[in-house]
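Here are my notes on the model, point by point. Please read them with the structure open.

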Amino acid sequence: MSLSSAHQRSAKDQADSTEHTPPGGAPKEAVAEPAPEGGTEAASSETAAAPGDGPDAEQAQEEPAEPAPAEPPPTDPGPGPAEPAPAAKNAVARWRERHPDITRALSWSLTVLAAVLVLFAFLMPDRLPQLTASRFLRVPAEPILLAALLLVLPRRPRRVVAVLGGVLLAVLVLLNCVDMGFYQTLRRPFHLLFDWSLFADGLSYLKDTEGATSAYGTLAAALLAVLALVVLMPLAILRLSKLMVRHPAVARRGTLVAGVVWMTCATLGIQVSGVSVAAKVAGQRVRGQVAMVQQGLADRKVFAEEVANDRFAKVPSDQLLSGLRGKDVIFTFIESYGRGAVEDPAMAPGVDAVLRDGTRQLADAGFSARSGWLTSPVTGGGSWLAHTTFLSGLWVPDQQRYRYVSSSDRMTLTSAFKRTGDFRTVGMMPGVTRAWPESKFFGLDHVHDSRTMGYQGPKFSWSPVPDQYTLSAFERLEHGKASNQPMMSEIILTSSHTPWAPVPRTIGWDEVGDGSVYDAIQKEGKNREDVWKDAALVRQEYGKAIQYSLTNLIDFVTKYGDENTVLVFLGDHQPVSTVVGVDASRDVPIAIVAHDPKVLDQVSGWGWSDGLQPEHGAPVWRMDTFRDRFLTAFSSPQP
């Protein structure tokens, strides 16, 4: 053997030894030794990465515009410092390697769920009755446009657009959910500018009806749902965008086909179950919200002019309400007393019987009545908006108008009595549980609320004080006291407030006392959860609540009224759609009761029905027109 051959065998043996070094690297001594000639070339040739190999190959396919990493594959480290041991891999990666079929199935399942979530969000309606299968058998335009945009964007802008699009889509879903609730209760959409305070009112309502624990538990669940949606929607769009980039040819063809299908359906007007297949739901919702915000911003100026335009502002006080001087005038709002209570077959028989019997009862006591209809600005809730509309003579359907007018010097129907200087003005507000600065706007000298009526009994669901106790407290604290000054009073009766369970029952007026008698009565009532399982039972209990309020009001007038008593009572709004349906009108009954026939003579031209029960064809006025009609009828000379 020649010297050169021996030298070559020695170099080959050392190269073989280096090649078979176990994972984790050679001992330090071996690494420290200089490599023999040819070793570097051998290592370089063996560690050169082939195109498409290594863990970054998938990313390279997804992002062809970016160069593949130059780092050698970890499976063949070659000579050099030791690489991290395989034990450094995380548990998720090891599980995926052991269960490739399950991993693949889960991956596809998540992709399908992401697609379903995104399509649902783009097609979701804003009203609960529209949440049907036919609404989702449609081709939405917005995700087609989004897919086309994501396909042409580079990696980083694509991620930004996907995340922002997901957040905006999540916000749109949340708005749709809120609108569903608003349409079910108030029969109008949520207003981005004015309705945020109603969430606090909703929480207060839950605390009053369900207890603080359930209310805050519901709030926490809602906040978690919001957070989950805001996180999951961007993740879903990111996942779908990565899938499109990995399969660009298929994604481009699919986007093109979807666009052609949408344009064809839109051009031909193709429908399924009366719903257009070519949909633009999300875009229309966004445009609707923008238009609502713009209208709200512009409305402030318009409403300011309406507030300032008051033809009664300069009427001399000695002429104002001259036709009611010496009378005790009572304005009473009955919560949720709407047209449905008088005309809907589910509730009307019991309510109409109370109105007929009440008319006879009042006639026996020397009283007469006239009745008609008013159209409320709200339905299902928002009583304070209806009260303000009725008393201010302005249409107040939202919080912006309420805040503006209640901070103005607009003369209300109640403050007009105070302005005459001949009336003491009083409010009985059992639903008020904290400071109420608006009482100054309404011109009330003194307000008795749930904290100052002396009530020692239980709440009846939301209502802090039963109506009969409120009227009894009014007689004890104000009406029954000897006074040489006539009185104008505003009384709110709340026992007919949703959820109408439990409903109190009428007892003897001498039994009311401090209200502790209602402990046993409250326990006798129905449970809210049991009532709301059945819509028919809800309507039945609503009717009973209205009967209770009417019965006690009529009994009060016949028992405590006299020749100077004038009563004006009305409903503030219709109840929720569960009771009257989604297509019910916003009309509420109104009646004027008086002992002195001259009072009703002054409204004889109104065309109202005789008695407490308005006829179906009786005049219907907007609620904001009543103030001017009333002031005109009872002021002299007429403006």
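1. Pro-377 touches Leu-385, Ala-386, Thr-389, Trp-395, Val-396, Pro-397, Arg-586 and Met-623, leaving aside residues up to four places away in sequence. Contact here means heavy atoms within 4.5 Å. This is a predicted model: local features need pLDDT of at least 70, side-chain atom pairs count only at pLDDT 80 or more, and totals for chains, interfaces and linings use all residues. Numbering starts from 1 along each chain as its sequence is written, and side-chain values use heavy atoms, with hydrogens and water left out.

2. Where does Pro-377 sit? Its place is the loop between strand E6 (368–375) and helix H15 (383–392). Helices (H or I, at least four residues) and strands (E, at least two) are DSSP runs, numbered from the N terminus. Pro-377 is buried, because its relative accessibility is 3%. The classes are buried under 20% relative accessible area, exposed over 50% and partly exposed in between (1.4 Å probe, protein chains only). From Pro-377 to Met-623 the C-alpha distance is 7.4 Å, across 246 residues of sequence.

3. H15 also meets helix H16 (residues 399–406). Their axes come within 10 Å and cross at roughly 50°. Axes are lines fitted to C-alpha atoms, for helices over the stretch in contact, and angles run from 0 to 180 degrees between N-to-C directions. H15 and H16 are therefore oblique to each other. Under 35 degrees counts as roughly parallel, over 145 as roughly antiparallel, 65 to 115 as roughly perpendicular, and the rest as oblique. The crossing is left-handed: the near helix is turned anticlockwise from the far one by less than a right angle, whereas clockwise would be right-handed.

4. Which residues join H15 to H16? Trp-384, Leu-385, Thr-388 and Ser-392 of H15 meet Gln-399, Tyr-402 and Val-405 of H16. By class, this contact has four nonpolar, three polar and no charged residues. Ala, Val, Leu, Ile, Met, Phe, Trp, Tyr, Cys and Pro count as nonpolar, Asp, Glu, Lys and Arg as charged, and the others, Gly among them, as polar.

5. Helix H8 (residues 155–185) and helix H10 (residues 212–246) have axes that come within 8 Å and cross at roughly 140°. That makes H8 oblique to H10. The crossing is right-handed. The contact of H8 with H10 has 15 nonpolar, three polar and three charged residues.

6. Val-286 lies in helix H12 (residues 281–308). Val-286 is partly exposed, at 46% relative accessibility.
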